[in-house]
Amino acid sequence: MPDEYRTVAGAGVHETEVNRSRFLCALAPAATEQEAQDFIAAVRKEHADASHNCWAYVIGADASVQKASDDGEPGGTAGVPMLQMLLRRDMRYVVAVVTRYFGGVKLGAGGLIRAYGGAVGEALDSLGTRTRRRYRLATVTVDHQRAGKLENDLRTGGREVRDVRYGDAVTIEIALPDADVPAFRSWLADATAGTAGFEAGGEAYGDA
């Protein structure tokens, strides 16, 4: 698993024009291939009258799923340059659909490649991206007397507190970079006079 990847900040559409042809790039985050395909289907339905609805998506932090379609444009002139732009920008869990309304001027293979790849690049710049970083999930267990201050110290120190549960003791779920675990354990022992429990769990991605 890579330490981090980038994805789109949210769904949106950005329009560009090349030689009177309109190119509308719709971008959206997609956690699964099915989500990507559902988004493509929705855009195709919305723009059923368009000349082409070309698409590309990358799923998986390691980009394990990569697919693209030219949707009737000459082979390799639309979906592939869109996919290459997503990969060049280190984008993951993302789907892009570029809708083209033909303006009467043929662009040629090189022009199409630049237009479709460029539409995705401009949309990423316009809509914004965010970095997701790999974290170690961990559980801190502490007595009620120290819990409030500890939770506050964690939050003010920039730690990601994911959940707090109250029972016989207080359980605080946190996420921290793997490299920080040894130093965090030492800090926790000092902060709670050695009374807190610490248990490392699995891994997950969170906003950097």
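The structure is a predicted model, in which local features need pLDDT of at least 70 and side-chain atom pairs count only at pLDDT 80 or more, while totals for chains, interfaces and linings use all residues. Residues are numbered from 1 along each chain as its sequence is written, and side-chain values use heavy atoms, with hydrogens and water left out.

The protein chain is divided into domain 1 (4-127) and domain 2 (133-207). These bounds come from an automatic or database domain assignment. Taken over C-alpha atoms, the centres of domain 1 and domain 2 are 41 Å apart. UniProt, in an unreviewed entry, lists "domain: Impact N-terminal" for residues 20-124. The same record source, again in an unreviewed entry, places "domain: UPF0029" at residues 140-194. UniProt positions are given in the numbering used here, feature names are shortened, and annotations may be inferred rather than shown by experiment. Residues 20-124 are 39% helix and 29% strand, with end C-alpha atoms 22 Å apart. Residues 140-194 are 44% helix and 31% strand, and the end C-alpha atoms of that span lie 12 Å apart. Helices (H or I, at least four residues) and strands (E, at least two) are DSSP runs, numbered from the N terminus.

Arginine 100 is found in strand 6 (residues 94-101). Arginine 100 is buried, at a relative accessible area of 4%. Buried means under 20% relative accessible area, exposed over 50%, and partly exposed in between (1.4 Å probe, protein chains only). The side chain of arginine 100 makes a polar contact with the side chain of glutamate 73, at 2.9 Å. A polar contact is a pair of N or O atoms within 3.5 Å; within protein, one must be able to donate a hydrogen and the other to accept it, and residues adjacent in sequence count only if both atoms are side-chain atoms. Not counting residues up to four places away in sequence, arginine 100 touches several residues, including Arg22, Phe23, His52, Glu73, Leu112 and Tyr116. Contact means heavy atoms within 4.5 Å.

Helix 2 spans residues 79-88. Gly79, Pro81, Met82, Leu83, Met85 and Leu86 are buried in this helix. The buried residues of helix 2 pack against strand 4 (52-59), strand 5 (65-69), strand 6 and helix 3 (108-127). Aspartate 90 follows helix 2 and has a positive phi, near 60°.

Two further residues have a positive phi. Most residues other than glycine have a negative phi. Arginine 20, not a glycine, has a positive phi of about 75°. Arginine 20 is in the loop between strand 2 (12-18) and strand 3 (21-29). At 56% relative accessibility, arginine 20 is exposed. Alanine 63, also not a glycine, has a positive phi of about 55°. Alanine 63 is in the loop between strand 4 and strand 5. At 8% relative accessibility, alanine 63 is buried.

A search of the whole structure finds zero disulfides, a disulfide being a pair of cysteine sulfur atoms within 2.5 Å. Cysteine 25 is in no disulfide, and the nearest cysteine sulfur, that of cysteine 54, is 11 Å away. That distance is too far for a bond. Cysteine 25 is buried, with a relative accessible area of 0%. Cysteine 54 is also buried, at 0% relative accessibility.

Phenylalanine 184 is found in helix 5 (residues 181-191). Phenylalanine 184 is buried, at 3% relative accessibility. Not counting residues up to four places away in sequence, phenylalanine 184 touches Val140, Leu154, Arg159, Ile174, Leu176 and Phe198. Phenylalanine 184 and leucine 112 are 72 residues apart in sequence and 52 Å apart in space, C-alpha to C-alpha.

The structure holds six aromatic pairs. Rings of Phe, Tyr and Trp (its six-membered ring) pair if their centres lie within 6.5 Å; planes under 30 degrees apart count as stacked, over 60 as edge-to-face and the rest as tilted. The rings of phenylalanine 184 and phenylalanine 198 have centres 5.8 Å apart and planes at 50°, so this pair is tilted. The pair links distant parts of the chain, with phenylalanine 184 in helix 5 and phenylalanine 198 in strand 10 (residues 197-207), 14 residues apart. Both phenylalanine 184 and phenylalanine 198 are buried. Tyr5, Tyr93 and Tyr205 form one aromatic cluster.
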